[in-house]
Amino acid sequence: MSDLTASSASEALPAQDLSEVRDWVTLLKPRVISLVVLTGVVGLIVAPGTLPPALAIAAVLCIALGAGAAGAINMWYDRDIDARMKRTARRPIPAGRIEPGAALAYGVSLATASVLIMGLATNWVAAGVLALSIAFYVVVYTMWLKRRTSQNIVIGGAAGAFPPVIGWAAVTGDVTLEPLILFAIIFFWTPPHFWALSLFAHADYERVGVPMLPVTHGARETRKQVLLYTLLLVPLTLAPTLLGFAGWVYAAAALLLGAEFLRHALAVWRDRQDPAGRSLSGDVPARKAFRYSLSYLGLLFIALAVDRMILG
Ligand code: HEM
Ligand SMILES: CC(C)=CCC/C(C)=C/CC/C(C)=C/COP(=O)(O)OP(=O)(O)O
């Protein structure tokens with residue numbers, strides 16, 4: 001090997017290592033995890049009592065790791081359809097950069113580690129709810145419902161609603177009404193979050209035969225469901241104040257943020273459509289509603305934490 005080839009090979013190695021690391025991180029769906037972690041942290045903050053900082057950090061890392069592991073197993077299971085959808089074809093498994101078996105081993109090991117560490121660091125109630133949420137995302141949503149029914153994300157979406165319950169249980173060792181209300185808020189938020197996205201991403205799902213609502217019931221029904229779930233969600237977000245575990249700062253934020261979410265949902269509902277209900281605007285309102293759904297949930301949970309810190 002000439003010097004020139006040898007030196008360019010050694011220079012190329014770190015960049016290749018870096019992109020390999022990036023692929024393993026991508027398997028954890030890190031952007032989705034960021035919001036999952038935020039809701040989990042708020043569960044931890046609003047729970048009565050405290051954890052020593054090192055254990056609180058361990059609990060948050062376990063939620064991130066468990067959610068990431070579930071995402072990796074989801075990508076292992078869905079590698080056939082991911083390869084045929086534009087949005088997902090470049091993922092590490094369908095693109096051939098990570099072996100399916102290695103991804104599965106990685107997901108299962110991380111999932112096991114996250115549950116065990118959670119149990120040892122905090123308590124086994126929190127570890128049990130973490131295990132349940134991983135099983136819900138992997139088994140109930142990914143392996144069972146996703147390819148079978150348009151209600152996949154309503155039932156399976158419960159997986160993503162568990163993190164505040166896990167955070168709360170990590171502190172208290174218990175699951176009471178308060179964290180269940182936070183669960184319900186995320187549960188009712190998931191349909192407008194996902195169905196707004198599915199309105200502009202339905203071609204992918206149609207191609208691979210995944211029965212998402214716009215594919216099975218059409219765009220018009222999906223727009224209606226986005227609005228209906230938002231109408232149920234907004235009053236529900238006032239429950240923490242009505243039940244006395246949050247104050248007026250949170251209630252004001254919930255009303256303002258909710259009014260804006262309703263405005264987006266109404267715009268989705270009213271979007272100019274052809275006779276089949278397909279958007280004539282390039283689904284601009286649906287794209288905006290999807291983006292806003294992310295800020296909405298983040299800000300709502302931040303408002304709850306701030307409110308609880310003010311109330312003490
Ligand atoms: C069954 C329930 C859910 C489904 C089917 C779903 C589906 C999706 C899909 C398909 C995307 C686009 C991702 C991409 O293009 O890579 C997305 C984005 C996102 N979802 Fe969800 N989601 C669900 C629940 C949740 C939950 C519970 C959270 C957090 C609390 C969440 C947070 C996010 C975030 C932060 C993004 C943006 C990611 C980015 O910027 O790429 N999702 N969701
Ligand atoms: C603690 C714990 C286990 C939390 C799990 C949390 C969670 C956010 C679950 C649902 C997340 C999600 C991105 C679903 C995507 O659907 P998809 O998998 O059909 O999307 P894709 O087509 O992008 O793969």
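In what follows, Ala, Val, Leu, Ile, Met, Phe, Trp, Tyr, Cys and Pro count as nonpolar, Asp, Glu, Lys and Arg as charged, and the others, Gly among them, as polar. The model I am presenting is predicted, so local features need pLDDT of at least 70, side-chain atom pairs count only at pLDDT 80 or more, and totals for chains, interfaces and linings use all residues. Residues are numbered from 1 along each chain as its sequence is written, while chains are lettered from A and ligands numbered from 1 in the order in which they are written.

Let me begin with the fold. The protein chain has 14 helices and zero strands; here helices (H or I, at least four residues) and strands (E, at least two) are DSSP runs, numbered from the N terminus. The C-alpha trace spans about 75 × 60 × 35 Å along its principal axes.

Two residues are in contact if their C-beta atoms, placed from the backbone, lie within 7 Å. Of the contacts between residues at least 6 apart in sequence, 73% join residues at least 24 apart.

I turn now to ligand 1. Its shell holds 18 residues, of which the closest are Arg31, Leu35, Ile153, Gly157 and Gly160; a residue is near a molecule if its C-beta atom, placed from the backbone, lies within 6 Å of it. Two or more shell residues come from each of α2, α9 (177-208) and α14. By class, the shell comprises 10 nonpolar, six polar and two charged residues.

Finally, two loop residues. A residue is buried if 20 or more other C-beta atoms lie within 10 Å of its own, exposed if 12 or fewer, and partly exposed in between, with C-beta atoms placed from the backbone. Lys29, in the loop between α1 (3-26) and α2 (30-46), has a positive phi of about 50 degrees although it is not a glycine. Asp283, in the loop between α13 (248-270) and α14 (284-311), also is not a glycine and has a positive phi, near 55 degrees. Lys29 is partly exposed, with 18 other C-beta atoms within 10 Å, whereas Asp283 is buried, with 21.
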